[in-house]
Amino acid sequence: MNKGIYVSLLPKGKIKRTLTTESGEVELPETTIADEIILFSELDFEHYAQVVELLNTIADAIPSPPKNLTQEEINAYDLLLDTTEDLVTTLEQEDLLCGTLTRTLLEDALPSGCTSPASADQTKNMILSAVSDPMRFQFLLNSVLYDMKDGIALDLDKKYCALKELVVSQHLILGDELTTRYHFRSVATYYCFLLLHFIVMKPRVLLCQCCGRYFIPKTKKETLYCDRIFIRNRTCKQVAPGMKHQIEAMRQTVIEEFDRAKRRMYNRYSRALDKKTPSEKDLTLSEYYEWLNRATAARDQFVKGELSQEEALSIINVP
């Protein structure tokens, strides 16, 4: 089979997945669309983003369009290719799914023989687009979850127009019955496929009032807490009833402020992309993820009683 991920849709929102890599096929654990969406929304890309920014810096040394490249510019181009390979290899080791799909996207964008210095300008742009693919879609996904949590109708004409249509590769397999498998070779198309099904399912997206993370309740019963392990192998749902008054205060302060700050900080990064003149409030991609990790840790430490409300908010709310 071609490299990439093959997905079969099962009843009750479950999915079966086979990942095909250079080394062969890997059967991934059976999961649900909702769990896969929530899991991807929380992936930590801080160190990955730092390398992507390094690639951008290296690419700036390669002229557009390239004419007669100097030896220094050729060296920068070789460094761009080598650093990209190191980045993808590391991502494969840390997250086999995202790493494999980033590699296959690069292979599709840069066919064999199309990475000579003569095509350096086109190559660098394709590389920068491909390696940013997982983070771009994570931003989009978190924005969708934020709106769904607040009960805001998704604007598919403008804000989320990229979700209105998706072209996918479909494989029909005839056995005892005809089954369908979908094939993906990029992170964005795989998770976009799941997200479209997720949206159609119209799940209730909630923010756990104990740990502050998104979750999808398993029943229609009213619930405020998720099933994640919170402390000492006990879940939020188990711990929260004994912390009712403390949690009510948290909901109105740190947890909700973290959620708002996360969107504000992403907007600072997003606006910086459209500006020709930088400002002091601009954020780079790695700065955004660096803040996100610090703020997430502060929220979690506050919830566990390891930081005061004032200390946590001072970390979450940066000037």
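Mentor: A polar contact is a pair of N or O atoms within 3.5 Å; within protein, one atom must be able to donate a hydrogen and the other to accept it, and residues adjacent in sequence count only if both atoms are side-chain atoms. This is a predicted model, in which local features need pLDDT of at least 70 and side-chain atom pairs count only at pLDDT 80 or more, while totals for chains, interfaces and linings use all residues. Residues are numbered from 1 along each chain as its sequence is written, and side-chain values use heavy atoms, with hydrogens and water left out.

With that in hand, look at T223, whose side chain reaches the backbone oxygen of Y225 at 3.3 Å. T223 sits in the loop that links strand 7 (214-215) to strand 8 (229-231), where strands (E, at least two residues) and helices (H or I, at least four) are DSSP runs numbered from the N terminus. T223 counts as buried because its relative accessibility is 16%, and buried means under 20% relative accessible area, with exposed over 50% and partly exposed in between (1.4 Å probe, protein chains only). Leaving aside residues up to four places away in sequence, T223 touches L206, F215, P217 and K237; contact here means heavy atoms within 4.5 Å.

One of these neighbours, P217, leads us to the largest pocket, which has a volume of about 740 Å³. Of the 26 residues that line this pocket, the closest to its centre are A34, I216, P217, K218 and T219. On a 1 Å grid over the protein atoms alone, a pocket is an open set of points where a 1.4 Å probe fits, with protein on both sides within 12 Å along at least five of seven lines, and lining residues have an atom within 4 Å of a point. Grid points are joined across faces, edges and corners, and the volume is the space filled by probe spheres set on the points. Helix 1 (residues 33-41) gives the most to the lining, with four residues. By class, the lining has 10 nonpolar, four polar and 12 charged residues, where Ala, Val, Leu, Ile, Met, Phe, Trp, Tyr, Cys and Pro count as nonpolar, Asp, Glu, Lys and Arg as charged, and the others, Gly among them, as polar.
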